[in-house]
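We will go stop by stop, selecting one piece at a time.

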Amino acid sequence: MNYLQVENLSKSYGEKLLFQGISFGINRGQKVALIAKNGMGKTSLLNIIMGKDIPDEGNVTINKDVRISYLAQNPVFDEELTVLETVLNSNNDFFASIKNYEDALSSLQRNNDVESQQVLEKSMIAMDLKNAWDYENKIKEVLSRLQITEMEQKVHSLSGGQRRKLALAKSLIEEVDLLLLDEPTNHLDIDMIEWLEAYLSAQKMTLLMVTHDRYFLDAVCNEIYELEQDNVYYYKGNYQYFITKKAERLLIQDREQERAKNLYRKELEWMRRMPKARTTKSKARIDAFYNLESKAKKIHREQMPEFEVKLSRIGKKILEVNHLHKSFDNKKIIEDFSHTFKRGERIGVVGANGSGKSTFFKLIMGELKPDMGSIVKGQTMVFGYFSQEGIKIKEDKRLIDIVKDVADEIPFGTSSTLSAAQFLQYFNFDHGTSHSYYRNLSGGEKRRLQLMLTFINNPNFLILDEPTNDLDIDTLNVLEEFLSKYQGCLMVTTHDRAFLDRAVDHLFIFEEGAKIKDYHSNYTEYRNLKKLQDKENKKAKLKKKTTVEDTTKPKQKKKVGFKEKRLFELLSKELEELEVKKQAITEKLNAGVGSADDFTHWSHDFQQLQQDIDAKEMQWLELSELMEE
């Protein structure tokens, strides 16, 4: 069943062309990731689909029976509604039942009369008929997972990040057929992202999603649409499959364009020598010539530039953090942390939102003062600091002037310098864009500009606070390549797990109780270790609970009977079989071969298998303890 059809869609803003004549469709059960470079119109395309913007040309058709929900980058709410009222503000039947129940409950608490009691009883009957109690539990689970706990808080008091999480929660809770998500992982910490990807993977839904998070993309989507100005390219498979096939496509395009250029030179010579009297045959050749000319002169795909920084000299002393303490309003953020930084250290800073990562960076940069302890910087240190707030730049300034305000000539590489214009071009801002006003840039382009300004003074110590937000995947790959060659010290916090795995070699983990622990591993290794530790903690709690229960009874050694031994053997065998099935499904998902329905079923089966494995492993662990006694 076709849910959405886009036909010959075009959109420009002034002289800037976003896309032209693109067409694609979304069918029931598809989970599609939409990928494009910054400024190519991903958000504009979603806004046009939802009727929030108007195309220059083309049509968008949505099946009249399809219910659709949209997570926008900048959600708009009624400022005077509470969090709960905002979530329940929908035409959804479940929402209406829950809202009526909540209103009736509030009325009874205020009035405590017979009429209010009768209204409450009717609303409870309606909840029973629609099975809305389970739906209410779903609402509470989603909100709590996204750390939205103050249900009576007014929307106008929420931060930008909290509003995004509220909008995401509302999109997930609504019962819809098609879900559109624009960068759903923004403002989420890694725990939230991992919960969200498991949630979306397990749901039987149709999804069109813009994301730059490659691990998230792989876990949730099984198809990729790549948007370019005059086409949408389709890839059936995961992100690695997309990378491979895109490289093949670009190689073929390069060869075709080279052949077109060679033929064009020959045809151009014929055009110059051709007599004025034109036959029907020559006119056909002339038409073919102009078609060939458009191919030959088509702008060659831009090669992403390679970042290169002329590193400032690093002395023996780099940075020392001694017994650092920091609190806000009696809430401890950092307690007694010390670390002596060494040359070339590459540290990922990981923790929940609000755990103190940005505070730690601001303490090092001198923007905040510690309550106790000291931060001692080496005399040769040149910091490059990219903050979440970004650099304050006037909206009516041209890009070329923004760079010139910092430096007219920029030292680059080992021996060369670049002008401001060359510097912008090096970072993929063409001549037209470099003379545009800052206000005309997309969100991703603004982040890219601010990131390049971080490198302009050739720092030998980089501190990057969420540098990956709003960057397209091409820019992320280039940034990772740069950091892999960067010889200075690096500290970075990001919710992009793929970026952490590629960019750092050990982690500062901000844990509960204001403690910071140092793990010498990348993120995936740390996460696997943490899952193993969590499983052991569950096992220890279970053992403690059993011990407490046993203290009320006479101590007797429990004998392991035939039934327990047989169950232990069966579980061992079942776990092996489940792992084989899991591996088989993983291979199918990675192969990129199959229908949309196939990938939907495989994804659901994978989640179910993982749940079965976790449950049987716990049962196996309990029995293994008995076998050892």
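Two strands count as paired if DSSP finds at least two bridges between them. Keep that in mind for the first stop. Note also that this is a predicted model.

**Stop 1: the three-stranded sheet**

Select residues 2–13, strand β1, together with β2. Eight bridges join the two strands, which run antiparallel. Now pick Leu 9: its bridge partner in β2 is Ile 22. You have an open sheet of three strands in the order β2-β1-β4, with antiparallel pairing.

**Stop 2**

Select residues 206–210, strand β7. Are its residues buried or exposed? Five of the five are buried. In a regular strand the side chains alternate between the two faces of the sheet. Check each face here. Thr 206, Leu 208 and Val 210 are on one side, Leu 207 and Met 209 are on the other, and all are buried.

Now show the partners. Strand β3 (residues 31–35) runs parallel to β7, joined by four bridges. Look for Leu 34 opposite Val 210. Strand β6 (residues 178–182) also runs parallel to β7, with five bridges. There, Leu 180 stands opposite Leu 208. Trace the chain from β6 through helix α7 (residues 190–202) to β7: this β-α-β crossover is right-handed.

**Stop 3**

In soluble globular proteins, nonpolar side chains tend to be buried together. Which residues have the most contacts inside the largest nonpolar core? Select Leu 146, Leu 172 and Leu 200; the core has 51 residues. Zoom in on Leu 200. Beyond its neighbours within four places in sequence, Leu 200 is in contact with residues including Leu 172, Met 205, Phe 216 and Val 220. A second, separate core has 43 residues, among them Phe 386, Ile 393, Val 403 and Ala 503.

**Stop 2: the six-stranded sheet**

Select the strands β14-β17-β18-β12-β19-β20, in that order across an open sheet with mixed pairing. The edge strands are β14 (383–386) and β20 (515–519), each pairing on one side only. The twist averages 15° from one strand to the next. Focus on β14 and strand β17 (residues 461–465): they pair in the parallel sense over four bridges. Gly 384 stands opposite Leu 462 in β17.

Helix α16 lies across β12, β17 and β18, at about 150° to β17.

**Stop 3: a closer look at α11**

Select residues 357–364. Six of the eight residues in α11 are buried. Phe 360, Phe 361 and Leu 363 are among them. Step just past the helix to Gly 366, which takes a positive phi of about 80°.

**Last stop: Lys 404**

Find Lys 404 in helix α12 (residues 399–406).

Note on methods. Residues numbered from 1 in each chain as written. Predicted model: local features only at pLDDT ≥ 70, side-chain atom pairs only at ≥ 80, totals over all residues. Heavy atoms only, no water. Buried < 20%, exposed > 50% of the residue type's maximum accessible area, 1.4 Å probe, protein only. Core = buried A, V, L, I, M, F, W, Y, C linked by side-chain atoms within 4.5 Å. Contact = heavy atoms within 4.5 Å. Right-handed = clockwise from strand over helix to strand, strands pointing away. Axes fitted to C-alpha atoms, helices over the stretch in contact; angles between N-to-C directions.
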